[in-house]
Amino acid sequence: METIFDQNTRDKIIARINTLTESNAAQWGKMDIRQMLAHCTMYEEMLQGKRKFTRIFLGRLFGKVAMKDIIGDARPVKRNLPTIPELKVFPPGINFATEKKKWIALLEAYANFGNMDSEHAFFGKITNQQIGYLSYKHADHHLRQFNS
């Protein structure tokens, strides 16, 4: 299974991000391209322990089971899964180029990533291995959403 800690995998994801343009339209979901970029930036900040979110109640009940479903195999993440409320991004004025650069910089940081005792807002405490799989699968999911 692919992990963001693998340099070749990271390079492929970054190359896909670099193909995005402001005219990319979503194939599913409610976010536009700018919201998706900001959402993915916030998600990476959460995985890297740079941003903390309150763990949601349903995650406390079903987080471990859902984690196995998402990272248990190489299948892509299902479409239209609910988004953690704090990761929904709706502010006007999200700068496309700035968010794209921020997302790429966060992904490049995995080359030197150390265990940050990260906690996911749905899954709870996560290991570095889980971070690697989640980061890759989340990025792949949203890049497929926008045809990249």
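Guide: Start with Phe57, which sits in helix α3, residues 57-71. Keep in mind that this is a predicted model.

Visitor: Is Phe57 buried or exposed?

Guide: Phe57 counts as exposed, because its relative accessibility is 59% and exposed means over 50%.

Visitor: Now Ser135. Where is Ser135 placed?

Guide: Look in helix α5, residues 128-145. Ser135 has 0% relative accessibility, so it counts as buried.

Visitor: What does Ser135 touch?

Guide: Leave out residues up to four places away in sequence, and Ser135 touches Ile4, Glu44, Leu47, Leu107 and Tyr110. With Glu44 there is a side-chain polar contact of 2.8 Å.

Visitor: How many aromatic pairs are there?

Guide: A pair of aromatic rings is described by the distance of the centres and the angle of the planes. Here the count is 4 aromatic pairs. One of them is Phe5 with Tyr110, edge-to-face, with centres 5.4 Å apart and 90° between the planes.

Visitor: Which parts of the chain does the pair link?

Guide: Distant ones, 105 residues apart. Phe5 lies in the segment before α1, and Tyr110 in the loop between α4 and β1. Phe5 counts as partly exposed, because its relative accessibility is 29%. Tyr110 is at 2%, so it counts as buried.

Visitor: Which residues do ring pairs link into a cluster?

Guide: Phe5, Tyr110 and Phe113.

Conventions: Residues numbered from 1 in each chain as written. Predicted model: local features only at pLDDT ≥ 70, side-chain atom pairs only at ≥ 80, totals over all residues. Heavy atoms only, no water. Helix = DSSP H or I, 4+ residues; strand = E, 2+ residues; numbered from the N terminus. Buried < 20%, exposed > 50% of the residue type's maximum accessible area, 1.4 Å probe, protein only. Contact = heavy atoms within 4.5 Å. Polar contact = N/O pair within 3.5 Å; in protein donor to acceptor, adjacent residues only side chain to side chain. Phe/Tyr/Trp six-rings, centres within 6.5 Å; stacked < 30°, edge-to-face > 60°.
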